[in-house]
Protein chains: 4
Amino acid sequence: MAQATTHHGQQMLQAHPQRSAFDERALLDCLEACLDCAQTCVSCADACSAEADPKMLAKCIRLNNDCADLCGVTVRILMRRTASDPSVVRATVEACAIACAACAAECEHHGEHMEHCRICAEVCRGCAEACGRLGSAKATA
Amino acid sequence: MAQATTHHGQQMLQAHPQRSAFDERALLDCLEACLDCAQTCVSCADACSAEADPKMLAKCIRLNNDCADLCGVTVRILMRRTASDPSVVRATVEACAIACAACAAECEHHGEHMEHCRICAEVCRGCAEACGRLGSAKATA
Amino acid sequence: MAQATTHHGQQMLQAHPQRSAFDERALLDCLEACLDCAQTCVSCADACSAEADPKMLAKCIRLNNDCADLCGVTVRILMRRTASDPSVVRATVEACAIACAACAAECEHHGEHMEHCRICAEVCRGCAEACGRLGSAKATA
Amino acid sequence: MAQATTHHGQQMLQAHPQRSAFDERALLDCLEACLDCAQTCVSCADACSAEADPKMLAKCIRLNNDCADLCGVTVRILMRRTASDPSVVRATVEACAIACAACAAECEHHGEHMEHCRICAEVCRGCAEACGRLGSAKATA
């Protein structure tokens, strides 16, 4: 069971003096997905290196690391609302979606044997979709 | 009202082939607090720069940025369980606690006038405490 | 005068058991440019907030922060050579190029009055170009 | 042979409207060392996972990752000069020194067999020393 936690992302976005050009629901969903995916991928990379045969997980470790880095940056860029440059935001979210989809595909190969890869595949898949929805959401400004 | 979200941090830590030397409850609390605080501080720094008089918020912006960076790294280091070096973990958590306490103190000065600083002060204070509890928790290994 | 320093990026890439799919010269140039640009943008954002009128620099601070984050991630992804996914690398480098170009354009508006913006504009412009050259370099694999 | 490159860290620090409380020479040396060490450790972790037997390098990968993260944050915090909180800076530099020393010690075990670990051990050792010198430098303010 996944834990239910309380985060202040939404409150902070509402307290910000500026609004974003993106659909708020899509933005919040993407933010939450990236936040979850960043930590999940850090953990999966680390767990892979502690498995009995990390050699066969080299590609998984690599994609986990790239995906964690891109999700982390996407969270930071989405949390900012001051003078957003939509082309920067869109390119970041797109790079993140590509990394999440690649990482999901690789983790799925190992999900039957390793629970951390099974969870990570699911989280990455969800994050790729949330990034895709934000990317295709009509900007309101 | 803060949002309730579902994160996979705890599930991932349980799926990891290794256990940590730290008390699990204190570790999870610290992890959640740092995750929340990292995004909150990124947002507060950005919101401060969009206020009518950002000049008087320069110290707040600076501490928000340092705190966001340290919380982000602390999340990554706490999510890893493979061959943890307790002295590295402790020093990181301690640096994070110091940054959170400094940022909380500064944000409290502005909390009456700016909602993002009020929330951020609260989140930073809670994170400083969670880091403190993890730091003082007796390592079980 | 810019400082001449000694970094081990090239040595490390040569010591790596795997080769990359990218042109080595373009990759190293991009890596160096991103490393330089990441720290330059962190500094410019911070310097802007300490100026007499940071209000007029809000867009500059925002773009500096986004650019610093993307350059930092690009360095990390380019330093990795294990099982590289070219689509992830390309999308990251492209997002970085877009952020660098946007940040350069904004810093150029302030370069006459602030030396840190003048330098930062130059560094960002060079980094956008290095990212562009890597993006258009024919992958050898 | 390590490459000689041109970075703008020193120029940017000089263009900043504020001075730091730390000895400038010690600060610049530490900054350069951390910048180099961050990328070196990202590379070493990645190279280790591509070796024939990554299982025996699990501790090395872990320490490389922690060290890369802490060096990266230390660069960002040292590049900022606005309203520096000396206790935050010191605690960060100290955590970084501890991670660098631990990573150097582990990489030294593998340096005879792997060139990337040999270089990384040397870079980490130098960074631990540069952090130590900054930590013990008398603050001028």
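This is a predicted model: local features need pLDDT of at least 70, side-chain atom pairs count only at pLDDT 80 or more; totals for chains, interfaces and linings use all residues.

Me: How many residues of chain D are in contact with chain C, and what area is buried between chain D and chain C?

Reply: The contact involves 45 residues of chain D and 45 residues of chain C. Carbon and sulfur atoms give 56% of the area buried between the two chains. That buried area is about 4,100 Å².

Me: How many salt bridges and how many residue pairs in polar contact are found between chain D and chain C?

Reply: One of the salt bridges pairs R76(C) with D69(D), whose closest N and O atoms are 3.4 Å apart. The salt bridges between chain D and chain C number two. Across this interface, the residue pairs in polar contact number 16.

Me: Which element gives the largest share of the side of chain D that touches chain C?

Reply: On that side of chain D, two or more residues come from each of β1 (3–7), α1 (9–15), α2 (24–49), α3 (58–79) and α5 (115–136). The largest share is 13 residues, and the element that gives it is α2(D).

Me: What kind of axis relates chain D and chain C?

Reply: Chain D is superposed on chain C by a rotation of 180°, with 0.0 Å of shift along the axis and an RMSD of 0.0 Å. The two copies are therefore related as by a two-fold rotation axis.

Me: Is Q39(C) buried or exposed?

Reply: Q39(C) belongs to helix α2 (residues 24–49) of chain C. Leaving aside neighbours within four places in sequence, Q39(C) is in contact with H7(D), H8(D), G9(D), L31(D), L35(D), V75(D) and M79(D). The relative accessible area of Q39(C) is 2%, which is under the 20% cut-off. Q39(C) is therefore buried.

Me: Which residue joins H16(B) in a side-chain polar contact of 3.4 Å?

Reply: H16(B) is located in the loop between α1 (9–15) and α2 (24–49) of chain B, and counts as buried at 3% relative accessibility. Beyond neighbours within four places in sequence, the contacts of H16(B) are S43(A), D46(A), A47(A), A50(A), R81(B) and T82(B). The side-chain partner in the 3.4 Å polar contact is T82(B).

Me: Which residue of chain D meets D69(B) in a salt bridge?

Reply: D69(B) lies in helix α3 (residues 58–79) of chain B, and its partner lies in the loop between α3 and α4 (86–110) of chain D. Both residues are buried. The N to O distance is 3.0 Å, and the partner is R80(D).

Me: How many salt bridges does the structure hold over all chains?

Reply: Another salt bridge joins the side chains of R80(C) and D69(A) at 2.9 Å, N to O. R80(C) is in a loop of chain C and D69(A) in helix α3 of chain A, so this pair joins two chains. Over all chains, the salt bridges number 44.

Definitions and conventions:
Residues are numbered from 1 along each chain as its sequence is written. Chains are lettered from A and ligands numbered from 1 in the order in which they are written. Side-chain values use heavy atoms; hydrogens and water are left out. Contact means heavy atoms within 4.5 Å. Buried area is the accessible area (1.4 Å probe) that two parts lose on being put together, summed over both. A salt bridge is a side-chain nitrogen of Lys or Arg within 4 Å of a carboxyl oxygen of Asp or Glu. A polar contact is a pair of N or O atoms within 3.5 Å; within protein, one must be able to donate a hydrogen and the other to accept it, and residues adjacent in sequence count only if both atoms are side-chain atoms. Helices (H or I, at least four residues) and strands (E, at least two) are DSSP runs, numbered from the N terminus. Copies are superposed by least squares on the C-alpha atoms of residues with pLDDT of at least 70 in both. Buried means under 20% relative accessible area, exposed over 50%, partly exposed in between (1.4 Å probe, protein chains only).
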